Amino acid sequence: MPNEQSKNAGVKAKIQRFGSYLSGMIMPNIGAFIAWGIITALFIETGWMPNENLVQLVDPMIIYLLPLLIAFTGGKMVYDARGGVVGATAAMGVIVGADIPMFIGAMIMGPLGGYAIKKVDQLFEGKVRSGFEMLVNNFTAGFVGLFLTLLAYLGVGPIVLAFNGILAAGVRVIVDAGMLPIASIFVEPAKVLFLNNAINHGILGPLGIQEATETGKSILFMLESNPGPGLGILLAFLVFGRGAAKYSSGGAAVIHFFGGIHEIYFPYILMKPMLLLAAIAGGASGVFTFMLFNVGLVAVPSPGSIIAYMLMTPRGDHLGVLLGVIVATAVSFAVASLILKSSKDDEDGLEEATSKMEDMKGKKSSVSCALTAESTSETTEEVTTTADQAGKLDRSKINKIIFACDAGMGSSAMGASILRNKVNKAGLSIEVTNKAINQIPDDADLIITHKDLTERAKQKQPNKTHISVENFMNGAKYDEIVNELKGDE
């Protein structure tokens, strides 16, 4: 039994890492996707401001710019800027060899290009005569890029094109059969567990963008990102909940619906797994409404906020999109209310459920740790230091603090914001910022991560000072760090 559990944990970790890697390639470039989406919504023939000149920006951005950005980011994650350049070069093979936006191909060739040039550099390390380093570096990168570009054009591109065609055909069959709402049976539980990045960024996003280039919009962007199901569950707790869950649900609903951070409602479901039925019912009814009104979005709404939804909605679709969100909220609320009213259990296990959620996801939640902070005035969490940090922090050696998480945007951004404010108030001239683990800079002096990610951070920067935390939102513990940096007892 222990061996089986260990095996399952290993599989889960691999899936999480895969989802994290996909997210790491997509998330830094979301701004570019949004820019393309706005340009599309404004200037296409059916847009808000049709313009036959500016509409010429749409195809080059989706065919070349966005895949190249993804490929560069993927290569850079493997081998810094040099890997990014070779990865982007290699991706041109799949881009030119296909008649659709090659996001999946870019996700393959980018990291492959970074890995290939990294191995070639290791092969030549210490074997190049002094004065010839630049010559060798430039030509090795050039030849590796050349070889991979040809490989991508002749081999990888056709395979990815065929695979993409199969996926697109499968989705189309489901859509034409009116069965797309059934996807919620898989999507909603996946969100609460740990597969949301793999599903959203690995499958739905690329297919949705391909559809959007053909029709100007896609319903696929809305399968995972609809804020309605989560909002309905949180509102049900606000009305029928008890204890800490009831008191925290109002603030959580605001963060979820307007901030777009969906994982804040996951602990509520984990307290009562039956609430998955509410999420599935809400998600399916929302998708059915979207289909009924034939609406979609022009680009991925990231984060999944109602504000992002409205901005990514094409002209004429706003009513249908809003109704889909409202219906999903209402159905989810109704089902969740029945479950809560029929339950006799106490809902004071929110903190335990939050911890359970993070264990299942294998990483720190973006904001769910705020739930326990809202319901208690003081948490008992500890900030633990790794073995390489004994005693107090040495202020003379700490000039840059990095908060690191999977994508470098959610939990790390919030933690960095809290500590940055405290550092500034203390009058310390220390830079505090957030990064993805794969992008931790070499000039970082102190690296703060969730305890589940510390080992990965130490592998990336083994010679730095690392601090593991249980809760990115626990401001009291950041006071301890600031006091150490100030030298206070």
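This is a predicted model: local features need pLDDT of at least 70, side-chain atom pairs count only at pLDDT 80 or more; totals for chains, interfaces and linings use all residues.
## The whole chain

Let's start with the big picture. The chain has 18 helices and 5 strands. Of its 489 residues, 52% count as buried.

How much accessible surface does the chain have? The total comes to about 22,000 Å², and carbon and sulfur atoms account for 62% of that area. Now for contacts: if you take those in the chain with a separation of 6 or more, 74% are between residues 24 or more positions apart.

Two packed helices are described by the angle between their axes and the distance between the axes.

Helix 2 covers residues 30-43 and helix 3 covers residues 58-96. Their axes come within 10 Å and cross at roughly 175°. Angles over 145 degrees count as roughly antiparallel, so helix 2 is roughly antiparallel to helix 3.

Which residues make this contact? From helix 2 you have Ala32, Phe33, Ala35, Trp36, Ile39 and Thr40, and from helix 3 come Val58, Met61, Ile62, Leu66, Leu69 and Ile70. Sort the residues of the contact by type and you get 11 nonpolar, 1 polar and no charged.

## Helix 3 with helix 4

Helix 3 also meets helix 4, which spans residues 103-124. Here the axes come within 9 Å, and the crossing angle is roughly 30°. Angles under 35 degrees count as roughly parallel, and therefore helix 3 and helix 4 are described as roughly parallel to each other.

Is the crossing left-handed or right-handed? Helix 3 passes helix 4 in a right-handed crossing. The residues of this contact split into 18 nonpolar, 8 polar and 3 charged.

## Helix 8 with helix 13

The crossing of helix 8 past helix 13 is right-handed.

On the helix 8 side, the residues in contact are Gly228, Pro229, Leu231, Gly232, Ile233, Leu235, Ala236, Phe237, Val239 and Phe240. They meet Val325, Ala328, Thr329, Ser332, Phe333, Ala336, Ser337, Leu340 and Lys341 of helix 13. By type, the residues of this contact come out as 13 nonpolar, 5 polar and 1 charged.

Find serine 184 in helix 6, which runs over residues 184-192. Is serine 184 buried or exposed? Its relative accessibility is 3%, so serine 184 counts as buried. Leaving out residues up to four places away in sequence, serine 184 touches Pro189, Ile280, Gly283, Ala284 and Val287.

Next, go to phenylalanine 147 in helix 5 (residues 133-176). With a relative accessible area of 56%, phenylalanine 147 is exposed. Phenylalanine 147 and glycine 113 are 34 residues apart in sequence, and their C-alpha atoms are 9.9 Å apart in space. Last up is threonine 465, found in strand 5 (residues 465-469). Threonine 465 has 22% relative accessibility, so this residue counts as partly exposed. From threonine 465 to lysine 397 there are 68 residues in sequence, with 9.9 Å from C-alpha to C-alpha.

Notes
Residues are numbered from 1 along each chain as its sequence is written. Side-chain values use heavy atoms; hydrogens and water are left out. A crossing is left-handed if the near helix is turned anticlockwise from the far one by less than a right angle, and right-handed if clockwise. Helices (H or I, at least four residues) and strands (E, at least two) are DSSP runs, numbered from the N terminus. Contact means heavy atoms within 4.5 Å. Ala, Val, Leu, Ile, Met, Phe, Trp, Tyr, Cys and Pro count as nonpolar, Asp, Glu, Lys and Arg as charged, and the others, Gly among them, as polar. Axes are lines fitted to C-alpha atoms, for helices over the stretch in contact, and angles run from 0 to 180 degrees between N-to-C directions. Angles under 35 degrees count as roughly parallel, over 145 as roughly antiparallel, 65 to 115 as roughly perpendicular and the rest as oblique. Buried means under 20% relative accessible area, exposed over 50%, partly exposed in between (1.4 Å probe, protein chains only). Accessible areas come from the Shrake-Rupley method with a 1.4 Å probe; for residues, only the protein chains shown count as cover.
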